[in-house]
Amino acid sequence: IAVHNTDEKPHRVTIRIPDRERSSLINLLSEGHSDGDGSGTHKLAIEGYGYRWYRVGGLDYILKRKKE
């Protein structure tokens, strides 16, 4: 998920990820990850002209794959 603020003023963004198994947002550019609340809702503050790039969920799905 890419979040870009094209305004000079800071803004708050709310994102909801309905899949509870993979509801974490992992920041790809820094350590600012977001676990959200119990319903998968994330409230993010983005500074003026700021941006965030996230991956939905961790990499634990690799460990959960079925062997064929």
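Which residue in β5 is the bridge partner of V3? The partner is R52, in a predicted model whose local features need pLDDT of at least 70, whose side-chain atom pairs count only at pLDDT 80 or more, and whose totals for chains, interfaces and linings use all residues. Residues are numbered from 1 along each chain as its sequence is written, and side-chain values use heavy atoms, with hydrogens and water left out.

**Confidence**

- The protein chain has a mean pLDDT of 86 (pLDDT is the predictor's confidence in each residue, from 0 to 100), and 81% of its residues reach 70 or more.
- Confidence in the protein chain is highest in β1, at 96, and lowest in helix α1 (residues 61-64), at a mean of 60.
- Where pLDDT is low, the predicted coordinates should not be read in detail.

**The sheet**

- An open sheet is formed by 3 strands in the order β1-β5-β3, with antiparallel pairing.
- β1 (2-4) and β3 (25-27) are the edge strands, and each pairs on one side only.
- From one strand to the next, the twist averages 35 degrees; axes are lines fitted to C-alpha atoms, for helices over the stretch in contact, and angles run from 0 to 180 degrees between N-to-C directions.
- Helices (H or I, at least four residues) and strands (E, at least two) are DSSP runs, numbered from the N terminus, and two strands pair if DSSP finds at least two bridges between them.

**β1 with β5**

- β1 and β5 run antiparallel and are joined by 3 bridges.
- A2 lies in strand β1.
- With a relative accessible area of 54%, A2 is exposed (buried means under 20%, exposed over 50%, partly exposed in between, with a 1.4 Å probe and protein chains only).
- A2 and R52 are 50 residues apart in sequence, and their C-alpha atoms are 5.9 Å apart in space.

**β3 with β5**

- Strand β5 (residues 51-56) pairs with β3 over 3 bridges in the antiparallel sense.
- L25 has V56 as its bridge partner in β5.

**Surface**

- L28, L29, Y51 and W53 make a nonpolar surface patch of about 430 Å².
- Patches are made of residues with over 30% relative accessible area and no salt bridge, with like charges joined within 9 Å and nonpolar side chains (Val, Leu, Ile, Met, Phe, Trp, Tyr) within 5 Å.
- A salt bridge is a side-chain nitrogen of Lys or Arg within 4 Å of a carboxyl oxygen of Asp or Glu.
- L28 sits in the loop between β3 and β4 (41-46), and counts as partly exposed at 47% relative accessibility.

Methods:
Accessible areas come from the Shrake-Rupley method with a 1.4 Å probe; for residues, only the protein chains shown count as cover.
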